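Please look over the structure below.

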Amino acid sequence: MATKEFKKAARIILVGAPGVGKGTQAERLMKRYPQLSAVSSGDLLREGVRSKTPLGLEAETFIRSGNLVPDDMILKLILNELKSKRWVSSQSSVSDTSPAKPSKSPSASFILDGFPRTAMQASRLDGLIPINLVVSLITPVNIILSRIASRWVHAPSGRVYNTGFNAPKAVGKDDITGEPLTKRTDDDEETWRLRLRKFDETSQPLLEHYDRKGVLWTVKGDSSDEITPQLFQELESRFG
């Protein structure tokens, strides 16, 4: 895949239902645009806990008690990461009354993953750093359910196969170990229909929030391969 360069900083969020292929699109975008980095709130949280940073230790108390980590704490983790890369001023703070002034350098481009998930969280993020593109990835529900029905996993390694487009070399066997593949316990249609309905309920206000901001763009396709070229074209028109 040929790489391309941005001429200005892209600050992107991908929004899509479970099974729509957000991870696939993020990987392809970062291969296409080497200036683009991933900023994952989940990874930052896990790393903070593992490294026993002050924020990580504070977050761990919530995790151990079975509570959600507060939004303020997630925002601080994100801001600290952006500051460490010098993509925002080192003086920026979550309590600032106006958003941080982000770097305009193309190398300060990122995809933010895992946050925000609600319109309220998006409003809090607006006060921290301005996002300039939110991509709504849409694939029909029947296509997503078909993908899930065709999905098999090698539980010990986490390797995932799909009989529709990434089939194992031998039916029902892991390519590396030859061990049997299994279905995930939650990969049944009713569980997935419930997850998809819940996603629709929570994502609609989030998308409406970003639509009012003028940064929402929607792309539709039955497969990742249909969506990717459209995504490349849109990013190049905005940031190339």
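This is a predicted model. Start with the lining of the second largest pocket, whose residues divide into five nonpolar, five polar and two charged. The lining is made by Ser41, Gly42, Leu45, Asn67, Leu68, Val69, Asp71, Ile74, Gly114, Phe115, Arg117 and Gln121. Two elements give two or more residues to this lining, namely α2 (41–51) and α4 (71–84). Of the elements, α2 gives the most, with three residues. The space in this second largest pocket comes to about 290 Å³.

Now turn to the helix pair. Two packed helices are described by the angle between their axes and by the distance between the axes. Here the pair is helix α6, residues 141–149, and helix α7, residues 189–213. Their axes lie 11 Å apart, and the two helices pack at an angle of about 140 degrees. Angles over 145 degrees count as roughly antiparallel and those of 65 to 115 as roughly perpendicular; α6 and α7 are therefore oblique to each other. The crossing of α6 and α7 is right-handed.

Which residues make the contact between the two helices? From α6 come Val141, Ile144, Leu145 and Ile148. From α7 come Glu189, Trp192, Arg193 and Leu196. By class, the contact of α6 with α7 has six nonpolar and two charged residues, and no polar ones.

Methods: Residues numbered from 1 in each chain as written. Predicted model: local features only at pLDDT ≥ 70, side-chain atom pairs only at ≥ 80, totals over all residues. Heavy atoms only, no water. 1 Å grid on protein atoms, 1.4 Å probe; cavity = no way out; pocket = protein on both sides within 12 Å on 5 of 7 lines; lining within 4 Å. Points joined across faces, edges and corners; volume = space filled by probe spheres on them. Helix = DSSP H or I, 4+ residues; strand = E, 2+ residues; numbered from the N terminus. Nonpolar A, V, L, I, M, F, W, Y, C, P; charged D, E, K, R; others polar. Axes fitted to C-alpha atoms, helices over the stretch in contact; angles between N-to-C directions. Parallel < 35°, antiparallel > 145°, perpendicular 65-115°, else oblique. Left-handed = near helix turned anticlockwise from the far one by under 90°. Contact = heavy atoms within 4.5 Å.
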